[in-house]
Structures are given as C-alpha cells and as structure tokens.
Amino acid sequence: MTGMPANTLELRGVSLRLGPRALFGPLDLTVAPGDVVTLMGPSGCGKSSLLALICGTLDPAFRASGEIALDGRPLRDLAPERRRVGILFQDDLLFPHLSVADNLAFGLDPAVRGRKARAAAIAAALDDAGLDGYGERDPATLSGGQRARVALMRTLLARPRALLLDEPFSRLDAGLRDRIRRFVFDHARAHALPTLLVTHDAEDARAAGGTVLELGAPQAD
Amino acid sequence: MTAVQRRGGLLRFVPPFTLALFLGPLFAGLLWTLGPAFGYLPALGGERLSLAPWQALFAYPGLGNAVGLSLGTGLTATLLSVAIVTALFAHWHDSRLIARLRRLIAPLLSVPHAALAFGLAFLIAPSGWLFRLFWAPLAGPVPPDLTIVQDPLGLALIGGLVLKEVPFLFLIMLAASGQTATAGQVAQARGFGYGKARAWCAVAFPQLYPQLRLPVFAVLTYAMSTVDMAIILGPATPPPLAVLLVRWFNDPDLAFRFQASAGAILQLLLVAGTVLLWLGAERVIVRAARRRLMAGRRGGTGRFGAMLSAGTAITVFGTATAGLATMALWAGAGRWRYPDPLPSDWSLDAAVRHGPALGGHVATTAGIAIAAAGAALVLALASLEAGQRRTTANANGGRGLVLLYLPLLVPQVAFLFGIQILLVQAGADGTWPAVAWSHLLFVLPYVFLALGGAYRDLDPRYFRTGLALGRSPAALFWRLRLPLLLRPILVAGAIGIAVSVGEYLPTLFAGAGRVTTVTTEAVGLAAGGDRRLIGLYAVVQMILPGLAFLAALIIPAWCFRRRRGMRTAA
C-alpha cells in the first residue's frame, strides 16, 4: 500500500513503577515505520503494562514517567480512543455477539462512508485474509488461525498509526504460528506501521527480524 | 462413582420437590383466581361459569384510569431505572465510582419497599425535609400548598420505584460484569477510536444484557403491580390497578371478589403484554444499533454524558439514603415544627407508647422471616448439593433460571387470592405458618440465586481431594462445604430475611388480616400520618434485616478468626 502517513513511535525515558517496585526503565526507543522491535523479559517485568501505557489503558495503580510520542505528537493527554494505536493480544477478542463481517465493520475507519464502500472494504479485508465468504459466520465457528487473521484485519481496518503485539502468537499451535507470524509482520510492513512486539518466544523475535530489547527483572528499592 | 450416587439417593428428589413446593402454589393460585374471574366460586354462591365479573369490571368507571396509571408508572419507572444504571456503567465501568456506590447500596437493598417509600414521602412532602432546607429560608414559615406525594400522575410513585430498583439493577449489572470478561474487548474497541461509553454500549452491553433481562422483567412486574409503594406514594382516587383490586378483595361485600378476580387476570395480561412489548422493542433497538454500528461512527468524548450519568446515580442513592435518615430523625423526634431543619428536642415517647404492640409485631415478623429464610436455605442447599453430586448442570442455567424467577414475573395480586381460597379450604388461613409459606415463594428465588454463585465458585478440587482421602460425600458436605460456605450461606439467609420482612401483599392475603408484621402495620399507618409512629416502624423495618446482615458478617469472622485464608474467601 502506498500513501500511508509515515509514523514513528518514540519512547523517551519511559519508566514504570507499581507501588514501591520499579518495573523497568528509563527506556529510550525509536520504532521507525515498518520496523518491528521486540521486547523480551521475564514475567512481571512490565512488558504488557508498557503496551497498555502506550494504548492509554494502564491500570491507575501503576506510576509511569517519561514521554511517548507518535509521529512527533505526545500521546499523554489523548484519550485511548484518540491515539489510534492498534493492539493484538494473546486472545483474539473478537466480539462474540457480532458476525465476522460486523466485527470488521466495527473496526473499519468511519472515514470510509457509504454502505457500498464499507461493504467493499470489508470484503477486501476478508479476501486479503483468505476468508472470502466468511462474513456472515459466527466468530466462534472459526479455527484459531482464522480468528487470528480476522483480529488483525479488524485492527488494520481502523487505520492505526502504530501496532502493538502482546504475545499474539503464543496460543497458536506450532505449525500455524509461523504462517500467522509472517502474515502479521508482512501486513505491518506493508502498512508502514511502527510495531512493538512483546513475547517470551525467541523464535518470534527472530522472525520479526528487528531490534530485540531485553527488559530486566523487577527490582525492589 | 456408584457409591456417590447411592448415597445421594434421597437428595435426588429434592430439586423436583422444591420446584413443586413453590411453583405448585403459584399455578394453583392462578387457577383458583381464574375460576372466580369467570364466576365460579361455590363457597360464595358462584356455581356457573359466566362473564358477569368481566362485565362488572369493565363497567367500573375508573378502570381505564387505573390501568393507565399501572402501565404508565410501571413502564416509566422501569425504563428510567434501566437507563440510569446502563448510563452509569457505560461511562464509569472502569472507575472507582462504581466500587464506592457499591458500598452505599448494601443497606438500600435490604430495606423494605415500604420503608423507602415513606422515606421519600417524608423528604419531598411540602412540609418535608427538602422544603425545610431549601424553601423555608426563601418563602417563610408556611409550607407550600402543593400535592407532591400521591400526585394524580403518579410521579412520586415513579420516584419511589426508581429509588428501590436502581440499587437492585446496579447489583445485577455488577454481578454480570464480574462474570463476563469484556474489559479487554472494550479496551480493544477504544483502540479503534470509539469513545468510552460508545465502546461499552456496543461491545459489553449486548453481552451483559441477557443476564439482565429476567431481573428487568421482575422489576417491570413489580413496578406495574406494586401495592404497598402505591398506597404510600401513589394517587388514591383513582389508584393504580393493583391497589384497586386489593380494595375490592377486602370489601365487606363478598360479591366484589368476582370482579376483583377478573381484574387480577387483567393485571396478569397487562404485565404479560408489556413484557412482549419490551421484547419487541429489544429487537427494533438491536436492528437500529447494528445499522449504526456498521456505519462505524466513533462518537464524541461523552464528557457531558459522564457527568449526567454520575449525577443522576448519585442523586438516586443520596435521596434514598437521606429519606431513610429522615425516618430515623422522626422516630426520635420530640417537638419538630415546620421550618426547623432538625427537631427542637428528642423523645422516645412514640417508642414507649407503642412499645408493647410493636414488640408483638417484631416477634411475629422475625419468626416468619427466620422460618421462611431457614426453609429456603435448606431447600436451596439440598438442591444445589443434589445438582453437584450428580455433576449435572445446576438450576442456574437457561430454563431452570426462568422457573426460579417465575414467582417474581407474575404479579402477586394475580395469584394470592387463589392461594387464600386454598388456605381457607385447608383451614390454614390466618396462621403464621401459612404466611411463612407464602413468603417462601418470594424468598426462595433470591436465596437460591445468592447461594448458587457461591456454590459454583467453590473450588471443586477441595471436594475431589476429600473424596480421595476416603470421606463420604455426606461427610464432605458437613465438614467441607458447609464451613467453607458459611459466609455466603449466612448472607443468603440474611437476604431471605430482608425479602420476608419487606413482603406486604402475601402477608395480607395468607394472613387474612389476622397476622400483622411490621410492614403491614407500617403501610396501614400511611393514611393516619403520625410521622413519629411511621418513622418508628420504618426504623424497625430497617433494623431487622440489618441485624441479619450483621450476623452474617460477625459469625464467620468470629468462627474463622484464626484462619487468614478464610478472610478473602467468598
């Protein structure tokens, strides 16, 4: 795809505390458009919390400091829904009360107007995911790989400016993992999205092909 | 596992027995109301089926008004309550506000409808607290000449119903949110650019609503057919339908029983029709919402909506609490002239003068409540244990839940007369066991629902470990399940006691006017207007369930005072 705005995700001196515990940081990081940066580290080191901080959904029990900017604009004072940061979790979080097409329509950017244009955008996304004709299906009837692809499509249709991946491949079985991984990374690059991946799996990091950062174990002080 | 099954032998019959015990009277009562509605009641000389009761009913000039009032007040109060709770959760689901309000509602939930209605009346009447605080400083020492309580449109009644039902629906919504993992989905929707409230409404609400539907219908049924709240807050001429019917049922001229029965069936049809209407409206709303969803509009910040929803909810909880506080003031007030915001002196005169009579009513009320709640606990525990041992799905799913809710989905006035006839034939009317049994119909659903959750949540591995250690299921019930569930069991019992204390109509019908509880006595005082006495009864109405909840708090804390692991449990 062309004509996408070039976004860069920047973290300047970001650190995170939970009560008396310093989780990590200060962390400096620049993710260029289309790059995938991988964050690794033991459980509880605050990897997922960092992603929640970027999304604006961090639990108020945490204390964060530092500056996060997307395309030069600080995110701090933006409500989560104004940040346009897409995130994928371990669970695909497809809405169980909507059909596959309705799930995609829910994500699709409101700037795409008119019933026809929206239906066309959804059909194109289904086609892209190799799920042509699956629109009216109940998400619960899809296989794990299909659900993962729908979840990615839904996130991309919202036209995010950055993509966060919170161990999205860990629930998939080994044979599938590699294909979905490639599917996700290819799309992130095609959309020129700065992408931050959190994982335990060294294989994920290798496949991402970008910088790998190790977050330390939490320290009490 | 055959040994388990054999030991659970007798238990197998408990669930059907329980259903029969409380659905039997319901259907029999309906049937014995249906007979007189078509002229058949041999005891009163009705030997042949006829339409005469219906003709008499429809010939009554105030009927249209009464039906309109029931429909208008019931539907408005329900819609308002649902809207207030939904808006609150839509805007504040992830905030501390919900947790703070939760602490406020516990006392409100246990207070009988009648006490809350009196509280509102004392608050908003022209000589009530609000006017003393805000009107008197401006307009001088004479209360305004207004009809606020018992207004002809039923606005005060709607207000009272909202005060009682918002806390109930709040609790249901809270429980549903806890059981459905929607937080991640809402966060995801916000990531797509949806505002907080819109994301919640589109993603969480459709998944929570199925758990809300039956409680909402119970609210609708109650609101459309309440008698005690309507006597205190509603218009008197004409009154809402259910009040009119109770007047006819109690008329010295026994011939009125026939048209009253026809009216009771009309009330049933009215509620059933409204429920159908509601279900139809649900579909229309779902379709419209889906179309909007497909268009993908993200919505604004919703800051105004957030302020409005929080303000409304806080007003509702605050008004209810302030109303109850006024009652307590009146109970202990000596002289309290109009513009004074507080009594000029205090006295326990009312309590002393009415003490002996009050004591008798308290004893009757407590006895009935403990009997009904105790029976409900035994039945619920035995049914749950039977379900658990056969490892089948327990009564909390699908159809079982509808059956459990059934007594709450049928207007009380529609079947209590039939039950009264049956009790008269059995020679048991006007006795306190009859009253306790009639309360059981309404106590059992709440006790069952309260216990079912705790039973489900208890880690099944405790039980499996016990079996592996060679203990029988019966021994495990007494040694493991009962102690581990002590607190939820006592809480469920306290809920049952609160429900029983608050019952008005069942006491009236099954007690045949000869069994008086603090609630029937309090409602009877509404016409008299002795504020100190009403305040006194309202305080007693609050204290009885309060003591039960206190016991549910203290007893387990004392029993397990050296067991840290039991403090967080259940």
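Two residues are in contact if their C-beta atoms, placed from the backbone, lie within 7 Å. Helices (H or I, at least four residues) and strands (E, at least two) are DSSP runs, numbered from the N terminus.

The model is predicted: local features need pLDDT of at least 70, side-chain atom pairs count only at pLDDT 80 or more, and totals for chains, interfaces and linings use all residues. Residues are numbered from 1 along each chain as its sequence is written, while chains are lettered from A and ligands numbered from 1 in the order in which they are written.

**Stop 1: H10 and H13 of chain B**

Select Ala202(B), Phe217(B), Leu220(B), Thr221(B), Met224(B) and Ser225(B) in H10(B); these meet Gln267(B), Leu270(B), Val271(B), Thr274(B), Val275(B), Trp278(B) and Leu293(B) in H13(B). The two axes come within 10 Å and cross at roughly 160 degrees. Axes are lines fitted to C-alpha atoms, for helices over the stretch in contact, and angles run from 0 to 180 degrees between N-to-C directions. H10(B) and H13(B) are therefore roughly antiparallel; angles under 35 degrees count as roughly parallel, over 145 as roughly antiparallel, 65 to 115 as roughly perpendicular and the rest as oblique. The crossing of H10(B) and H13(B) is right-handed, a term for the near helix being turned clockwise from the far one by less than a right angle, with anticlockwise giving left-handed.

Remain on H10(B), residues 196-225, and pick out Pro210(B). With 11 C-beta neighbours inside 10 Å, Pro210(B) counts as exposed. The cut-offs are 20 or more other C-beta atoms within 10 Å of a residue's own for buried, 12 or fewer for exposed, and partly exposed in between, with C-beta atoms placed from the backbone. Ala176(B) lies 34 residues from Pro210(B) in sequence and 9.2 Å from it in space, C-alpha to C-alpha.

**Stop 2: H9 of chain B**

Next, select helix H9 (residues 183-191) of chain B, which packs with H10(B) at an angle of about 130 degrees, the axes being 9 Å apart. That makes H9(B) oblique to H10(B). Here too the crossing is right-handed. On the H9(B) side, Gln185(B), Val186(B), Ala189(B) and Arg190(B) meet residues of H10(B) that include Lys196(B), Trp200(B) and Val203(B).

**Stop 3**

Among the buried residues are Leu241(B), Val243(B), Trp248(B) and Phe249(B). Their cover includes helix H4 (63-92), H10, helix H11 (228-233), helix H13 (256-295) and helix H17 (413-426) of chain B.

Step back to Pro238(B), in the loop between H11 and H12 of chain B. A cis peptide bond joins Thr237(B) to Pro238(B), with omega about -5 degrees.

**Stop 4: Asp151 and H8 of chain B**

Asp151(B) sits in the loop between helix H7 (129-139) and H8 of chain B. With 16 C-beta neighbours inside 10 Å, Asp151(B) counts as partly exposed. Leaving aside neighbours within four places in sequence, Asp151(B) is in contact with Ala156(B) and Pro235(B).

Now show helix H6 (residues 113-124) and helix H8 (residues 155-179) of chain B, packed at an angle of about 125 degrees with their axes 9 Å apart. That makes H6(B) oblique to H8(B). The contact involves, among others, His113(B) and Leu116(B) of H6(B), and Ala156(B) and Gly159(B) of H8(B).

**Stop 5: where chain A meets chain B**

Select the 24 residues of chain A that are in contact with 21 residues of chain B. On the chain A side, helix H2 (80-83), strand E6 (85-88) and helix H3 (100-107) are the elements giving two or more residues. H3(A) gives the most, with four residues.

Arg84(A) is in the loop between H2 and E6 of chain A. Although not a glycine, Arg84(A) has a positive phi of about 55 degrees. With 20 C-beta neighbours inside 10 Å, Arg84(A) counts as buried.

**Stop 6: H6 of chain A**

Finish with H6(A), whose buried residues are Arg177(A), Arg181(A), Val184(A), Phe185(A), His187(A) and Ala188(A). They cover an arc of only 160 degrees around the axis, which puts them on the same side of H6(A); the arc is that of the directions from the helix axis to the C-beta atoms. On the other side, Gly175(A), Arg182(A) and Asp186(A) are exposed. Just after H6(A), Ala192(A) takes a positive phi of about 55 degrees.
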